Amino acid sequence: MAPDLLRPRAVPGALPPNPTAINPMVLRGRMLLAVLDTNVLLVEACSQAKRGRPYHPLAALAGTRRATPYMAPHVLGELEEHLPKMADAFKIPASAAAAALHEHVLPQVRVVDLEIRDHLSPGARHILHQAPGVPTARRGDPDDAPTMALAELLGPAVLFTRDKVFEPFAVMDSMATAQTLLLTAGLEAHGANAVILAGCVLEATMSGVGALVDVAARRPGLTAAAVAGALWYLWRTGRLTEGWRPLLSGLWEITEAVLQAVADAKQQHTDLSRTLTVVEATPFPALEQTAARLLARYGAPLTATELRDALADRDDLPVSAARLRREMAAHRAFVRLPGDRWTIGRPALEAAGL
């Protein structure tokens with residue numbers, strides 16, 4: 001797989017990209033992913049072909065590298081099967097819809113292969129359940145189960161679909177939902193970068209304090225004389241009583257403003273997340289599921305060692321790099337890249353052989 005396929009593609013006329021988080025994993029709050037169903041992709045392709053719209057918020061989501069849209073592999077076959085019918089409903093040539101699908105929609109999506117065991121998730125079983133008296137339109141279609149299984153594998157995720165069988169999981173207004181996901185991704189990036197910056201400042205400050213303590217321990221007499229001289233100078237000039245109060249007051253005001261901004265951003269992120277219909281992650285995840293969820297949100301491929309460290313820091317999960325490598329090699333959702341780096345899924349055009 002060519003490494004450039006993993007990079008977000010620039011989409012002409014797309015929404016301004018959200019800021020990129022230096023390390024999104026420093027935040028412990030949930031990060032939402034987008035999982036797409038067949039009909040949403042077809043509607044988007046036909047809409048673009050008919051209206052000439054060069055982009056969609058889904059493309060901007062892909063550009064964030066933290067909310068990459070994913071789909072199950074069976075969707076590729078359904079796209080080919082149902083595209084002529086959808087194009088006819090939009091009253092456009094099927095060739096125009098296919099061109100929009102391949103040029104503007106699929107390049108933004110990744111295909112994740114699943115194992116049989118993934119289809120045993122609670123949501124997938126719910127889709128397959130044929131309860132007596134349930135209308136035909138709401139009955140589970142075996143072809144829908146992989147989409148739900150993927151959403152639970154990578155969850156929490158937002159499921160973009162118009163099929164009634166997914167209720168109450170379905171998201172009907174994909175445009176508004178994608179815009180909300182973009183806002184949450186931006187808040188996540190700002191929050192993650194703020195945490196990292198604060199950590200760097202604290203580390204630098206503590207390093208300076210540590211150096212001073214080391215000097216004081218080695219030369220106590222000289223240090224005492226220097227401190228006494230500094231205090232005497234500040235007292236004689238009046239700065240000891242007058243200068244420190246405004247300084248401390250200013251520092252406190254700045255600290256209060258930063259803390260309030262962080263709290264406001266966190267509350268806004270929480271409020272936005274609550275407006276979305278989310279497929280939650282399966283409880284008691286296996287190691288392969290935990291690794292898949294972290295990789296899907298990291299935004300870049302990781303080595304097994306980097307993944308081990310990220311899991312230890314974020315989830316307090318002690319696991320060896322060798323075991324992670326074995327788990328990932330045994331599951332088709334993980335893709336190994338040159339340099340022994342791992343990622344989730346393949347570009348949709350590559351999976352389709354295009």
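The questions and answers below go through a predicted model of one protein chain. Residues are numbered from 1 along each chain as its sequence is written, and side-chain values use heavy atoms, with hydrogens and water left out. Local features need pLDDT of at least 70 and side-chain atom pairs count only at pLDDT 80 or more, while totals for chains, interfaces and linings use all residues.

Student: How many helices and strands are there in the protein chain?
Tutor: Both are DSSP runs numbered from the N terminus, helices being H or I of at least four residues and strands E of at least two. The protein chain has 14 helices and 9 strands.

Student: In what order do the 6 strands of the open sheet stand?
Tutor: Two strands pair if DSSP finds at least two bridges between them. The pairing in this open sheet is mixed, and the order is β5-β4-β1-β2-β3-β9.

Student: Leaving aside neighbours within four places in sequence, which residues is M86 in contact with?
Tutor: M86 is part of helix α3 (residues 74–89). Contact means heavy atoms within 4.5 Å. With those neighbours left aside, the contacts of M86 are L42, V43 and C46.
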